[in-house]
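Here's a quick briefing to get you started. Have a look at the structure first, then read on.

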2 protein chains.
Amino acid sequence: MEYELILKNISRFIDLNPEEENFYTSLLVKRIIGKKDFLMRPGEIIKNEYFIVKGCLKVYTIDSKGVEHISMFAISDWWTGDLSSFLTEQPTKYYIQALEETEILQLSKENSEVLFEKIPKFERFYRILYQRSLISYINRSDQNISVSAEDRYLYFTQKYPSLLNRVSQKDIASYIGVTPEFLSLLRKKMSTR
Amino acid sequence: MEYELILKNISRFIDLNPEEENFYTSLLVKRIIGKKDFLMRPGEIIKNEYFIVKGCLKVYTIDSKGVEHISMFAISDWWTGDLSSFLTEQPTKYYIQALEETEILQLSKENSEVLFEKIPKFERFYRILYQRSLISYINRSDQNISVSAEDRYLYFTQKYPSLLNRVSQKDIASYIGVTPEFLSLLRKKMSTR
């Protein structure tokens with residue numbers, strides 16, 4: 001069933017009856033993003049939240065020197081988007097690009113408002129979802145300041161075990177904030193221990 | 001009225017009737033943290049969330065080289081704590097120290113569960129609160145990677161206008177991730193433009 005994964009994701013935090021499940025899934029729009037296609041580019045105002053059914057996307061910015069900085073990889077059973085643009089209606093700074101053909105379900109801002117009104121327990125779902133994302137961002141933000149590149153790489157391998165062979169070394173290096181050359185040296189050093 | 005500020009903070013996102021206000025404030029505990037005293041130290045399991053009525057606290061970690069990294073300053077009308085320790089019951093990595101005598105209101109984990117049960121619209125309050133914190137953390141985390149020290153300093157002055165003369169240059173430098181000497185040079189350079 002095409003909504004199985006998202007309903008299972010929701011059921012981690014709240015219980016929906018079949019009628020609520022039907023109402024919720026009726027608000028979702030299914031999309032396929034081709035490999036290397038963009039779900040989002042800087043300058044756009046983001047009007048949806050996205051759940052990844054299958055595939056992998058990278059979320060990144062490009063700085064004034066043209067250097068790419070990967071904020072996250074979004075994989076199956078994860079949520080992605082740009083909460084800031086979604087809420088404030090300011091243009092996004094992010095690129096979100098599919099690294100593989102990716103299947104998503106999107107919920108628009110209008111529909112998320114309808115959802116909160118009709119099924120208020122979704123407030124609880126998002127309260128817990130944002131709480132957990134917040135913890136993950138706080139950990140990452142502190143990590144960038146005070147943790148070594150080696151530990152950041154180990155953390156990457158633990159956080160995204162399914163991605164080690166699906167994402168390029170260049171992208172992994174960008175995510176942990178080092179050059180590909182440095183990552184290559186690091187991996188050699190780690191493998192000879 | 002001692003609960004005026006916190007009730008105004010809550011009312012930004014949800015409406016409470018007088019009975020709900022009374023129930024909510026009955027769950028809060030008032031505390032005074034003396035200047036330089038600690039609200040939290042590494043190793044403790046954090047069982048409360050904190051609202052700052054008056055004063056200023058700094059939230060920081062100390063890395064393996066003994067260097068202090070300031071994650072945030074918590075001032076009047078802000079919430080602070082360690083959400084990760086609060087939720088997972090793992091020991092905190094943070095110090096939270098009062099830079100001035102500080103008055104807080106704390107809500108325990110047990111009481112926050114009672115609150116969600118008795119007044120479910122607090123799910124909405126926390127949903128929106130966490131959503132906004134998440135945006136602020138995402139911005140900060142991207143900033144540390146891709147924004148110059150000068151821009152981080154300007155951002156600090158905009159985010160915390162009331163703190164410029166209350167927090168030491170050393171602490172401001174730690175927050176923006178540079179040495180005090182570098183911050184001093186930066187300020188000179190910026191003032192001569």
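**Two helices and a two-chain contact**

In chain B, helix α7 (residues 169-176) packs against helix α8 (residues 180-191) at an angle of about 95 degrees, and their axes are 8 Å apart. That makes α7(B) and α8(B) roughly perpendicular to each other (angles of 65 to 115 degrees count as such, under 35 as roughly parallel, over 145 as roughly antiparallel and the rest as oblique). This is a predicted model: local features need pLDDT of at least 70, side-chain atom pairs count only at pLDDT 80 or more, and totals for chains, interfaces and linings use all residues. Residues are numbered from 1 along each chain as its sequence is written, with chains lettered from A and ligands numbered from 1 in the order in which they are written.

**Where the helices meet**
- On the α7(B) side you'll find B:Gln169, B:Lys170, B:Ile172 and B:Ala173, which meet B:Pro180, B:Leu183 and B:Ser184 in α8(B).

**Where the chains meet**
- 26 residues of chain B are in contact with 26 residues of chain A (in contact means C-beta atoms, placed from the backbone, within 7 Å).
- β5 (68-75), α3 (83-88) and α5 (121-146) of chain B each give two or more residues to the side that touches chain A.
- α5(B) gives the most to that side, with 18 residues.
- The copies meet through the same surface, because 100% of the interface residues of chain B are also interface residues in chain A.

**How the copies are related**
- Chain B superposes on chain A by a rotation of 180 degrees with 0.0 Å of shift along its axis (RMSD 0.0 Å).
- That is the relation of a two-fold axis.

Methods. Contact = placed C-beta atoms within 7 Å. Helix = DSSP H or I, 4+ residues; strand = E, 2+ residues; numbered from the N terminus. Least-squares fit on C-alpha atoms with pLDDT ≥ 70 in both. Axes fitted to C-alpha atoms, helices over the stretch in contact; angles between N-to-C directions.
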